[in-house]
Amino acid sequence: MLFNSYAFIVAFLPLAVAAYFSVARVSLRAADACLALASLVFYAWWRLDFLWILLGSIAANHAVGRVLSTGVRTGRPSKALLAAGIASNLALLGVFKYADFFIANVNALAGAHWPFLRLALPLGISFFTFTQVAYLVDAFKGEAAEYRATRYVLFVSFFPHLLAGPIIHHREMMPQFADARLKRLDWQNVARGLALFTLGLVKKAIVADTLAPWADAGFAHAHALTFADAWITMLAYAMQLYFDFSGYTDMALGAALMFNIRLPRNFDAPHRAADIREFWRRWHITLSRFLRDYIYIPLGGNRAGERRMLALFLATFAIGGLWHGAAWTFVAWGVLHGLALVTLHFWRKLGRPLPWHAAVGLTFLFTSVAFVVFRAPGLRAAGAILASVAGLERPGLQFNLPAWVEAAHRGSSMPAANEWTALAMLAAAMGIAFARGTAADFAAGFPLHGAWRYAFGAMLAAGLVFIEGGGPFIYSLF
(Lines give C-alpha, C1' and ligand atoms only; values in the text may rest on other atoms or scores of the structure.)
Protein backbone atom coordinates (compact mmCIF):
# COMPACT_ATOMS: atom_id res chain seq x y z
CA MET A 1 0.00 0.00 0.00
CA LEU A 2 1.37 3.42 -0.95
CA PHE A 3 0.61 6.82 0.55
CA ASN A 4 -0.58 8.11 -2.84
CA SER A 5 -3.46 5.64 -3.11
CA TYR A 6 -7.17 5.96 -2.41
CA ALA A 7 -7.04 2.86 -0.21
CA PHE A 8 -4.52 4.49 2.10
CA ILE A 9 -5.96 8.02 2.22
CA VAL A 10 -9.66 7.24 2.31
CA ALA A 11 -9.67 4.01 4.31
CA PHE A 12 -6.47 2.81 5.96
CA LEU A 13 -5.15 6.02 7.56
CA PRO A 14 -8.41 7.27 9.15
CA LEU A 15 -9.29 3.75 10.36
CA ALA A 16 -5.81 3.26 11.85
CA VAL A 17 -5.99 6.59 13.72
CA ALA A 18 -9.49 5.85 15.03
CA ALA A 19 -8.61 2.29 16.09
CA TYR A 20 -5.36 3.32 17.82
CA PHE A 21 -6.87 5.99 20.03
CA SER A 22 -10.01 3.96 20.72
CA VAL A 23 -7.97 0.98 21.92
CA ALA A 24 -5.68 3.29 23.93
CA ARG A 25 -8.65 4.32 26.06
CA VAL A 26 -8.87 0.70 27.23
CA SER A 27 -5.22 -0.43 27.29
CA LEU A 28 -1.99 1.36 26.40
CA ARG A 29 -0.20 -1.90 25.63
CA ALA A 30 -3.05 -3.02 23.43
CA ALA A 31 -2.78 0.30 21.56
CA ASP A 32 0.87 -0.46 20.73
CA ALA A 33 -0.18 -3.90 19.51
CA CYS A 34 -2.99 -2.37 17.46
CA LEU A 35 -0.66 0.09 15.73
CA ALA A 36 1.97 -2.60 15.15
CA LEU A 37 -0.67 -4.86 13.59
CA ALA A 38 -1.90 -2.02 11.38
CA SER A 39 1.68 -1.41 10.23
CA LEU A 40 2.13 -5.07 9.33
CA VAL A 41 -1.15 -5.04 7.39
CA PHE A 42 0.10 -1.93 5.58
CA TYR A 43 3.30 -3.75 4.58
CA ALA A 44 1.58 -7.03 3.66
CA TRP A 45 -0.88 -5.19 1.39
CA TRP A 46 1.76 -5.22 -1.35
CA ARG A 47 2.96 -8.83 -1.05
CA LEU A 48 2.04 -11.13 1.82
CA ASP A 49 5.08 -13.37 1.40
CA PHE A 50 7.49 -10.52 2.12
CA LEU A 51 5.79 -9.91 5.46
CA TRP A 52 7.56 -13.03 6.72
CA ILE A 53 10.93 -11.56 5.72
CA LEU A 54 10.18 -8.42 7.69
CA LEU A 55 8.95 -10.40 10.71
CA GLY A 56 11.93 -12.73 10.57
CA SER A 57 14.32 -9.78 10.47
CA ILE A 58 12.55 -8.14 13.41
CA ALA A 59 12.55 -11.34 15.50
CA ALA A 60 16.22 -12.09 14.86
CA ASN A 61 17.41 -8.56 15.59
CA HIS A 62 15.29 -8.26 18.71
CA ALA A 63 16.74 -11.52 20.06
CA VAL A 64 20.32 -10.50 19.24
CA GLY A 65 19.76 -7.06 20.75
CA ARG A 66 18.51 -8.54 24.01
CA VAL A 67 21.55 -10.81 24.30
CA LEU A 68 23.88 -7.89 23.52
CA SER A 69 22.18 -5.74 26.17
CA THR A 70 22.47 -8.56 28.72
CA GLY A 71 26.16 -8.91 27.89
CA VAL A 72 26.70 -5.20 28.54
CA ARG A 73 24.98 -5.44 31.94
CA THR A 74 27.13 -8.40 32.97
CA GLY A 75 30.31 -6.83 31.69
CA ARG A 76 30.73 -9.34 28.85
CA PRO A 77 29.57 -7.69 25.61
CA SER A 78 30.06 -10.00 22.64
CA LYS A 79 31.79 -8.51 19.62
CA ALA A 80 31.36 -11.82 17.81
CA LEU A 81 27.58 -11.72 18.28
CA LEU A 82 27.45 -8.10 17.13
CA ALA A 83 29.48 -8.99 14.03
CA ALA A 84 27.20 -11.96 13.34
CA GLY A 85 24.09 -9.81 13.76
CA ILE A 86 25.35 -7.13 11.39
CA ALA A 87 26.54 -9.74 8.91
CA SER A 88 23.10 -11.41 8.95
CA ASN A 89 21.39 -8.11 8.19
CA LEU A 90 23.80 -7.33 5.37
CA ALA A 91 23.45 -10.87 4.01
CA LEU A 92 19.66 -10.48 3.84
CA LEU A 93 20.06 -7.17 2.05
CA GLY A 94 22.76 -8.64 -0.20
CA VAL A 95 20.71 -11.62 -1.34
CA PHE A 96 17.68 -9.59 -2.36
CA LYS A 97 19.33 -6.40 -3.54
CA TYR A 98 22.85 -7.18 -4.72
CA ALA A 99 23.05 -10.86 -5.67
CA ASP A 100 22.25 -10.33 -9.36
CA PHE A 101 24.57 -7.30 -9.47
CA PHE A 102 27.40 -9.48 -8.12
CA ILE A 103 26.59 -12.32 -10.54
CA ALA A 104 26.50 -9.93 -13.52
CA ASN A 105 29.93 -8.52 -12.68
CA VAL A 106 31.45 -11.98 -12.10
CA ASN A 107 30.02 -13.16 -15.42
CA ALA A 108 31.42 -10.11 -17.20
CA LEU A 109 34.89 -10.30 -15.64
CA ALA A 110 35.40 -14.06 -15.61
CA GLY A 111 33.37 -15.07 -18.63
CA ALA A 112 31.18 -17.20 -16.38
CA HIS A 113 27.54 -18.03 -16.96
CA TRP A 114 26.07 -18.06 -13.48
CA PRO A 115 22.26 -17.84 -13.61
CA PHE A 116 20.57 -14.79 -12.11
CA LEU A 117 18.35 -15.19 -9.05
CA ARG A 118 15.87 -12.53 -10.22
CA LEU A 119 14.42 -12.05 -6.74
CA ALA A 120 11.82 -9.34 -6.21
CA LEU A 121 13.09 -6.62 -3.89
CA PRO A 122 11.03 -6.32 -0.69
CA LEU A 123 9.82 -2.75 -0.25
CA GLY A 124 11.73 -0.78 2.36
CA ILE A 125 14.37 -3.48 2.97
CA SER A 126 17.22 -0.94 2.95
CA PHE A 127 15.44 1.25 5.48
CA PHE A 128 14.43 -1.41 8.00
CA THR A 129 17.86 -3.07 7.68
CA PHE A 130 19.79 0.13 8.46
CA THR A 131 17.41 0.92 11.32
CA GLN A 132 18.14 -2.42 12.95
CA VAL A 133 21.90 -2.36 12.31
CA ALA A 134 22.01 0.92 14.23
CA TYR A 135 19.98 -0.67 17.04
CA LEU A 136 22.41 -3.60 17.35
CA VAL A 137 25.45 -1.31 17.47
CA ASP A 138 23.82 0.80 20.18
CA ALA A 139 22.81 -2.30 22.14
CA PHE A 140 26.45 -3.43 22.09
CA LYS A 141 27.52 0.01 23.37
CA GLY A 142 24.94 -0.13 26.16
CA GLU A 143 22.98 2.74 24.62
CA ALA A 144 19.82 0.74 23.86
CA ALA A 145 17.44 -0.71 26.43
CA GLU A 146 15.83 -4.15 26.27
CA TYR A 147 12.55 -3.25 24.62
CA ARG A 148 9.60 -5.58 24.88
CA ALA A 149 8.72 -7.42 21.68
CA THR A 150 5.52 -5.54 20.79
CA ARG A 151 7.17 -2.15 21.09
CA TYR A 152 10.21 -3.27 19.11
CA VAL A 153 7.94 -4.51 16.30
CA LEU A 154 6.24 -1.12 16.33
CA PHE A 155 9.58 0.69 16.31
CA VAL A 156 10.76 -1.11 13.16
CA SER A 157 7.47 -1.45 11.30
CA PHE A 158 5.70 1.85 12.15
CA PHE A 159 4.10 2.37 8.78
CA PRO A 160 4.76 6.08 8.15
CA HIS A 161 8.52 5.47 7.92
CA LEU A 162 8.65 1.82 6.86
CA LEU A 163 8.90 2.01 3.07
CA ALA A 164 11.14 5.03 2.44
CA GLY A 165 12.22 6.48 5.75
CA PRO A 166 13.16 8.64 7.47
CA ILE A 167 15.71 6.22 8.96
CA ILE A 168 14.69 6.37 12.60
CA HIS A 169 16.71 5.87 15.78
CA HIS A 170 15.45 4.04 18.86
CA ARG A 171 16.46 6.97 21.11
CA GLU A 172 14.06 9.33 19.37
CA MET A 173 11.16 6.88 18.93
CA MET A 174 10.92 4.58 21.97
CA PRO A 175 10.26 7.37 24.51
CA GLN A 176 7.39 8.57 22.34
CA PHE A 177 5.84 5.10 22.07
CA ALA A 178 6.16 4.74 25.87
CA ASP A 179 4.62 8.11 26.75
CA ALA A 180 1.03 7.59 27.91
CA ARG A 181 0.20 11.26 27.29
CA LEU A 182 0.79 10.74 23.56
CA LYS A 183 -1.87 8.04 23.41
CA ARG A 184 -4.68 10.56 23.76
CA LEU A 185 -6.23 12.00 20.61
CA ASP A 186 -4.96 15.53 19.93
CA TRP A 187 -7.10 17.22 17.29
CA GLN A 188 -4.50 19.93 16.75
CA ASN A 189 -1.91 17.31 15.85
CA VAL A 190 -4.43 15.59 13.59
CA ALA A 191 -5.12 18.89 11.81
CA ARG A 192 -1.44 19.84 11.43
CA GLY A 193 -0.56 16.29 10.43
CA LEU A 194 -3.27 16.30 7.76
CA ALA A 195 -2.03 19.68 6.50
CA LEU A 196 1.54 18.39 6.18
CA PHE A 197 0.30 15.17 4.57
CA THR A 198 -1.68 17.26 2.07
CA LEU A 199 1.36 19.35 1.14
CA GLY A 200 3.33 16.16 0.58
CA LEU A 201 0.56 14.72 -1.58
CA VAL A 202 0.52 17.87 -3.72
CA LYS A 203 4.31 17.68 -4.10
CA LYS A 204 4.08 14.10 -5.29
CA ALA A 205 0.86 13.92 -7.27
CA ILE A 206 0.89 17.33 -8.92
CA VAL A 207 4.54 18.42 -9.16
CA ALA A 208 6.69 15.26 -9.25
CA ASP A 209 4.29 13.16 -11.33
CA THR A 210 3.82 15.99 -13.84
CA LEU A 211 7.57 16.23 -14.38
CA ALA A 212 8.18 12.46 -14.37
CA PRO A 213 7.20 11.76 -18.03
CA TRP A 214 9.56 14.50 -19.23
CA ALA A 215 12.48 13.17 -17.24
CA ASP A 216 11.66 9.60 -18.30
CA ALA A 217 11.49 10.54 -21.97
CA GLY A 218 14.84 12.33 -21.79
CA PHE A 219 16.63 9.43 -20.13
CA ALA A 220 15.01 6.98 -22.58
CA HIS A 221 16.56 8.96 -25.48
CA ALA A 222 19.89 9.72 -23.80
CA HIS A 223 21.89 9.49 -27.03
CA ALA A 224 19.58 11.75 -29.06
CA LEU A 225 19.15 14.81 -26.81
CA THR A 226 19.74 18.31 -28.06
CA PHE A 227 21.21 20.97 -25.76
CA ALA A 228 17.69 22.14 -24.83
CA ASP A 229 16.41 18.59 -24.33
CA ALA A 230 19.32 17.71 -22.06
CA TRP A 231 18.87 20.72 -19.80
CA ILE A 232 15.13 20.13 -19.46
CA THR A 233 15.77 16.45 -18.75
CA MET A 234 18.37 17.20 -16.08
CA LEU A 235 16.34 19.89 -14.32
CA ALA A 236 13.06 17.96 -14.61
CA TYR A 237 14.61 14.94 -12.92
CA ALA A 238 16.30 17.01 -10.20
CA MET A 239 12.94 18.57 -9.34
CA GLN A 240 11.00 15.30 -9.75
CA LEU A 241 13.32 13.51 -7.34
CA TYR A 242 13.22 16.32 -4.78
CA PHE A 243 9.46 16.77 -4.81
CA ASP A 244 8.83 13.01 -4.91
CA PHE A 245 11.12 12.16 -1.99
CA SER A 246 10.44 15.24 0.12
CA GLY A 247 6.75 14.79 -0.66
CA TYR A 248 6.91 11.24 0.69
CA THR A 249 8.72 12.50 3.79
CA ASP A 250 6.11 15.20 4.39
CA MET A 251 3.35 12.61 4.08
CA ALA A 252 5.23 10.31 6.48
CA LEU A 253 5.76 13.07 9.05
CA GLY A 254 2.15 14.19 8.68
CA ALA A 255 0.72 10.69 9.09
CA ALA A 256 2.93 10.07 12.15
CA LEU A 257 1.86 13.37 13.72
CA MET A 258 -1.75 12.24 13.60
CA PHE A 259 -0.65 9.57 16.11
CA ASN A 260 1.19 12.24 18.17
CA ILE A 261 4.52 10.81 16.96
CA ARG A 262 7.20 13.15 15.63
CA LEU A 263 9.52 11.58 13.08
CA PRO A 264 12.89 13.24 12.38
CA ARG A 265 13.02 15.65 9.49
CA ASN A 266 14.70 14.42 6.34
CA PHE A 267 14.84 17.65 4.32
CA ASP A 268 15.60 21.26 5.10
CA ALA A 269 15.52 23.27 1.85
CA PRO A 270 18.58 21.45 0.44
CA HIS A 271 18.75 23.48 -2.76
CA ARG A 272 19.60 26.58 -0.72
CA ALA A 273 22.83 24.90 0.36
CA ALA A 274 25.97 26.91 -0.41
CA ASP A 275 28.31 23.89 -0.56
CA ILE A 276 28.13 20.11 -0.73
CA ARG A 277 28.68 19.64 3.00
CA GLU A 278 25.71 21.86 3.76
CA PHE A 279 23.68 20.05 1.07
CA TRP A 280 24.11 16.76 2.95
CA ARG A 281 23.05 18.44 6.17
CA ARG A 282 19.79 19.34 4.41
CA TRP A 283 19.18 16.41 1.99
CA HIS A 284 18.19 12.91 3.24
CA ILE A 285 19.33 14.03 6.67
CA THR A 286 18.75 10.71 8.41
CA LEU A 287 20.86 8.79 5.86
CA SER A 288 23.64 11.36 6.28
CA ARG A 289 23.40 10.84 10.05
CA PHE A 290 23.62 7.07 9.70
CA LEU A 291 26.62 7.20 7.36
CA ARG A 292 28.40 9.63 9.69
CA ASP A 293 27.64 7.84 12.97
CA TYR A 294 27.98 4.22 11.90
CA ILE A 295 30.55 4.29 9.08
CA TYR A 296 32.57 7.51 8.89
CA ILE A 297 33.24 8.11 12.61
CA PRO A 298 33.89 4.44 13.58
CA LEU A 299 36.46 4.20 10.77
CA GLY A 300 38.35 7.20 12.12
CA GLY A 301 36.49 10.24 10.86
CA ASN A 302 38.41 13.47 11.37
CA ARG A 303 40.72 11.91 13.98
CA ALA A 304 43.08 9.91 11.79
CA GLY A 305 44.77 12.62 9.78
CA GLU A 306 43.94 14.44 6.57
CA ARG A 307 44.68 11.64 4.10
CA ARG A 308 42.58 9.11 6.01
CA MET A 309 39.77 11.64 6.35
CA LEU A 310 39.69 12.36 2.61
CA ALA A 311 39.79 8.65 1.80
CA LEU A 312 36.86 8.15 4.17
CA PHE A 313 34.91 10.85 2.35
CA LEU A 314 35.17 8.75 -0.81
CA ALA A 315 34.55 5.39 0.88
CA THR A 316 31.56 6.58 2.92
CA PHE A 317 29.81 8.14 -0.05
CA ALA A 318 30.59 5.17 -2.28
CA ILE A 319 28.83 2.99 0.33
CA GLY A 320 26.00 5.51 0.49
CA GLY A 321 25.67 5.35 -3.29
CA LEU A 322 25.62 1.56 -3.31
CA TRP A 323 22.96 1.60 -0.58
CA HIS A 324 20.63 3.24 -3.11
CA GLY A 325 20.82 0.38 -5.56
CA ALA A 326 22.81 -2.37 -7.25
CA ALA A 327 24.32 -0.45 -10.15
CA TRP A 328 27.62 1.24 -10.93
CA THR A 329 25.73 4.46 -11.61
CA PHE A 330 24.82 4.67 -7.91
CA VAL A 331 28.42 4.01 -6.89
CA ALA A 332 29.63 6.66 -9.34
CA TRP A 333 27.10 9.13 -7.95
CA GLY A 334 28.38 8.49 -4.43
CA VAL A 335 32.00 8.85 -5.50
CA LEU A 336 31.18 12.16 -7.21
CA HIS A 337 29.83 13.48 -3.92
CA GLY A 338 32.90 12.19 -2.10
CA LEU A 339 35.14 13.98 -4.61
CA ALA A 340 33.08 17.13 -4.15
CA LEU A 341 33.76 17.00 -0.39
CA VAL A 342 37.48 16.53 -1.06
CA THR A 343 37.43 19.51 -3.42
CA LEU A 344 35.56 21.61 -0.86
CA HIS A 345 38.17 20.71 1.78
CA PHE A 346 41.01 22.09 -0.34
CA TRP A 347 38.98 25.08 -1.54
CA ARG A 348 38.36 26.13 2.05
CA LYS A 349 42.09 26.02 2.66
CA LEU A 350 42.50 28.75 0.05
CA GLY A 351 40.28 31.05 2.11
CA ARG A 352 38.42 32.46 -0.90
CA PRO A 353 34.68 31.87 -0.32
CA LEU A 354 32.30 32.50 -3.19
CA PRO A 355 29.41 34.97 -2.92
CA TRP A 356 26.37 33.20 -1.48
CA HIS A 357 24.28 33.25 -4.66
CA ALA A 358 27.16 31.94 -6.75
CA ALA A 359 27.88 29.20 -4.21
CA VAL A 360 24.22 28.12 -4.13
CA GLY A 361 24.05 28.09 -7.93
CA LEU A 362 27.26 26.06 -8.26
CA THR A 363 26.09 23.55 -5.64
CA PHE A 364 22.74 23.14 -7.37
CA LEU A 365 24.45 22.66 -10.73
CA PHE A 366 26.75 20.01 -9.30
CA THR A 367 23.97 18.07 -7.57
CA SER A 368 21.81 18.21 -10.71
CA VAL A 369 24.68 16.89 -12.85
CA ALA A 370 25.32 14.14 -10.31
CA PHE A 371 21.63 13.21 -10.32
CA VAL A 372 21.94 12.53 -14.06
CA VAL A 373 24.46 9.81 -13.20
CA PHE A 374 22.12 8.63 -10.42
CA ARG A 375 19.14 8.24 -12.77
CA ALA A 376 20.76 7.15 -16.03
CA PRO A 377 20.39 3.50 -17.13
CA GLY A 378 24.18 3.28 -17.45
CA LEU A 379 27.37 5.30 -17.35
CA ARG A 380 27.47 5.70 -21.14
CA ALA A 381 23.95 7.11 -21.16
CA ALA A 382 24.88 9.50 -18.36
CA GLY A 383 27.93 10.62 -20.32
CA ALA A 384 25.82 11.22 -23.44
CA ILE A 385 23.30 13.35 -21.55
CA LEU A 386 26.00 15.40 -19.81
CA ALA A 387 27.81 15.91 -23.13
CA SER A 388 24.58 17.40 -24.50
CA VAL A 389 24.18 19.51 -21.34
CA ALA A 390 27.66 20.91 -21.98
CA GLY A 391 26.79 21.62 -25.62
CA LEU A 392 29.37 19.15 -26.95
CA GLU A 393 26.79 17.14 -28.92
CA ARG A 394 23.71 18.38 -30.81
CA PRO A 395 24.09 21.94 -29.47
CA GLY A 396 20.91 23.26 -31.07
CA LEU A 397 17.81 24.52 -29.25
CA GLN A 398 15.48 22.08 -31.01
CA PHE A 399 13.02 20.67 -28.46
CA ASN A 400 12.24 17.00 -29.18
CA LEU A 401 10.96 15.97 -25.74
CA PRO A 402 7.27 16.82 -26.43
CA ALA A 403 7.07 14.32 -29.29
CA TRP A 404 8.73 11.58 -27.23
CA VAL A 405 6.43 12.22 -24.27
CA GLU A 406 3.35 12.17 -26.50
CA ALA A 407 4.45 8.90 -28.11
CA ALA A 408 5.09 7.28 -24.74
CA HIS A 409 1.64 8.23 -23.42
CA ARG A 410 -0.41 7.64 -26.57
CA GLY A 411 -3.50 5.69 -25.55
CA SER A 412 -3.05 6.36 -21.85
CA SER A 413 -6.10 7.32 -19.81
CA MET A 414 -3.97 10.00 -18.11
CA PRO A 415 -1.93 11.74 -20.85
CA ALA A 416 1.15 13.70 -19.83
CA ALA A 417 1.08 17.48 -19.58
CA ASN A 418 1.89 19.43 -22.74
CA GLU A 419 5.22 21.23 -23.04
CA TRP A 420 3.99 24.61 -21.80
CA THR A 421 2.35 23.10 -18.72
CA ALA A 422 5.46 21.04 -18.02
CA LEU A 423 7.79 24.03 -18.42
CA ALA A 424 5.57 26.15 -16.17
CA MET A 425 5.55 23.37 -13.57
CA LEU A 426 9.34 23.09 -13.80
CA ALA A 427 9.73 26.84 -13.27
CA ALA A 428 7.32 26.80 -10.32
CA ALA A 429 9.07 23.77 -8.80
CA MET A 430 12.45 25.48 -8.97
CA GLY A 431 11.02 28.63 -7.43
CA ILE A 432 9.62 26.62 -4.51
CA ALA A 433 12.82 24.56 -4.14
CA PHE A 434 14.92 27.70 -3.68
CA ALA A 435 12.46 29.38 -1.31
CA ARG A 436 13.02 29.73 2.42
CA GLY A 437 11.37 27.32 4.79
CA THR A 438 9.86 23.89 4.27
CA ALA A 439 6.44 22.31 4.08
CA ALA A 440 6.90 21.13 7.68
CA ASP A 441 7.53 24.72 8.81
CA PHE A 442 4.48 25.92 6.93
CA ALA A 443 2.18 23.21 8.30
CA ALA A 444 3.44 23.80 11.84
CA GLY A 445 2.59 27.48 11.70
CA PHE A 446 -0.56 27.76 9.61
CA PRO A 447 -3.78 28.88 11.37
CA LEU A 448 -6.19 26.06 12.16
CA HIS A 449 -9.26 28.11 11.40
CA GLY A 450 -10.96 30.22 8.77
CA ALA A 451 -10.05 30.20 5.08
CA TRP A 452 -6.92 28.12 5.64
CA ARG A 453 -9.03 25.04 6.27
CA TYR A 454 -10.80 25.50 2.95
CA ALA A 455 -7.49 26.10 1.17
CA PHE A 456 -6.04 22.85 2.50
CA GLY A 457 -9.29 21.06 1.71
CA ALA A 458 -9.00 22.25 -1.89
CA MET A 459 -5.35 21.11 -2.05
CA LEU A 460 -6.28 17.70 -0.69
CA ALA A 461 -9.06 17.38 -3.26
CA ALA A 462 -6.67 18.38 -6.05
CA GLY A 463 -4.12 15.83 -4.84
CA LEU A 464 -6.77 13.11 -4.83
CA VAL A 465 -7.76 13.98 -8.40
CA PHE A 466 -4.15 13.77 -9.62
CA ILE A 467 -3.41 10.46 -7.85
CA GLU A 468 -4.81 8.48 -10.79
CA GLY A 469 -2.02 7.68 -13.19
CA GLY A 470 0.73 8.57 -10.72
CA GLY A 471 3.65 6.24 -10.11
CA PRO A 472 5.19 4.81 -6.95
CA PHE A 473 7.53 6.86 -4.83
CA ILE A 474 11.09 6.72 -6.15
CA TYR A 475 12.70 5.88 -2.80
CA SER A 476 10.24 3.09 -2.00
CA LEU A 477 12.11 1.08 -4.63
CA PHE A 478 15.49 1.35 -2.88
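The structure discussed here is a predicted model, in which local features need pLDDT of at least 70 and side-chain atom pairs count only at pLDDT 80 or more, while totals for chains, interfaces and linings use all residues. Residues are numbered from 1 along each chain as its sequence is written, and side-chain values use heavy atoms, with hydrogens and water left out.

## Helix packing

Helix H9 (residues 187-220) packs with helix H18 (residues 419-433) at an angle of about 125 degrees, and their axes are 10 Å apart; the two are therefore oblique to each other. Helices (H or I, at least four residues) and strands (E, at least two) are DSSP runs, numbered from the N terminus. Axes are lines fitted to C-alpha atoms, for helices over the stretch in contact, and angles run from 0 to 180 degrees between N-to-C directions.

On the H9 side the meeting residues are Ile-206, Val-207, Thr-210, Leu-211 and Trp-214, and on the H18 side they are Glu-419, Ala-422, Met-425, Leu-426 and Ala-429. By class, this contact of H9 with H18 has eight nonpolar, one polar and one charged residues. Here contact means heavy atoms within 4.5 Å, and Ala, Val, Leu, Ile, Met, Phe, Trp, Tyr, Cys and Pro count as nonpolar, Asp, Glu, Lys and Arg as charged, and the others, Gly among them, as polar. An α-helix has 3.6 residues a turn, so residues three or four places apart point the same way.

A second pair is formed by H2 and helix H3 (residues 48-73), whose axes come within 8 Å and cross at roughly 130 degrees. That angle makes H2 oblique to H3. Leu-40, Tyr-43 and Ala-44 of H2 make the contact with Leu-48, Phe-50, Leu-51, Leu-54 and Leu-55 of H3, and the residues divide into eight nonpolar, no polar and no charged.

## Salt bridges

A search of the whole structure finds 18 salt bridges, each being a side-chain nitrogen of Lys or Arg within 4 Å of a carboxyl oxygen of Asp or Glu. The table lists some of them.

| Residue | Partner | Closest N and O atoms |
|---|---|---|
| Asp-32 | Lys-183 | 3.2 Å |
| Arg-289 | Glu-172 | 2.9 Å |

Asp-32 forms a salt bridge with Lys-183; Asp-32 lies in helix H2 (residues 28-44) and Lys-183 in the loop between helix H8 (170-178) and H9, so the pair ties together parts that are 151 residues apart in sequence. Both Asp-32 and Lys-183 are buried, where buried means under 20% relative accessible area, exposed over 50%, and partly exposed in between (1.4 Å probe, protein chains only). Asp-32 and Lys-183 are also linked with Arg-148 and Arg-151 in a network of salt bridges.

Arg-289 forms a salt bridge with Glu-172; Arg-289 lies in helix H12 (residues 285-296) and Glu-172 in helix H8, so this pair ties together parts that are 117 residues apart in sequence. Arg-289, at 22% relative accessibility, counts as partly exposed, and Glu-172 counts as partly exposed at 24%. In the pair of Lys-204 and Asp-209, Lys-204 is buried at 1% relative accessibility, and Asp-209 is buried with a relative accessible area of 16%.

## Buried positions

The buried residues of H12 include Thr-286, Leu-287, Phe-290 and Tyr-294, and what covers the buried residues of this helix includes helix H5 (125-141), helix H11 (276-282) and helix H13 (306-324). Elsewhere, Ser-368 is placed in helix H15 (residues 356-375) and is buried, with a relative accessible area of 1%. Leaving aside its neighbours within four places in sequence, Ser-368 is in contact with Met-234 and Ala-238.

## Backbone features in loops

Most residues other than glycine have a negative phi, and most peptide bonds are trans. A cis peptide bond joins Gly-165 and Pro-166, with omega about 5 degrees, and Pro-166 is found in the loop between helix H7 (159-162) and H8. Arg-118 has a positive phi, near 55 degrees; this residue is in the loop between helix H4 (79-110) and H5, and at 65% relative accessibility Arg-118 counts as exposed.

How values were computed
Parallel < 35°, antiparallel > 145°, perpendicular 65-115°, else oblique.
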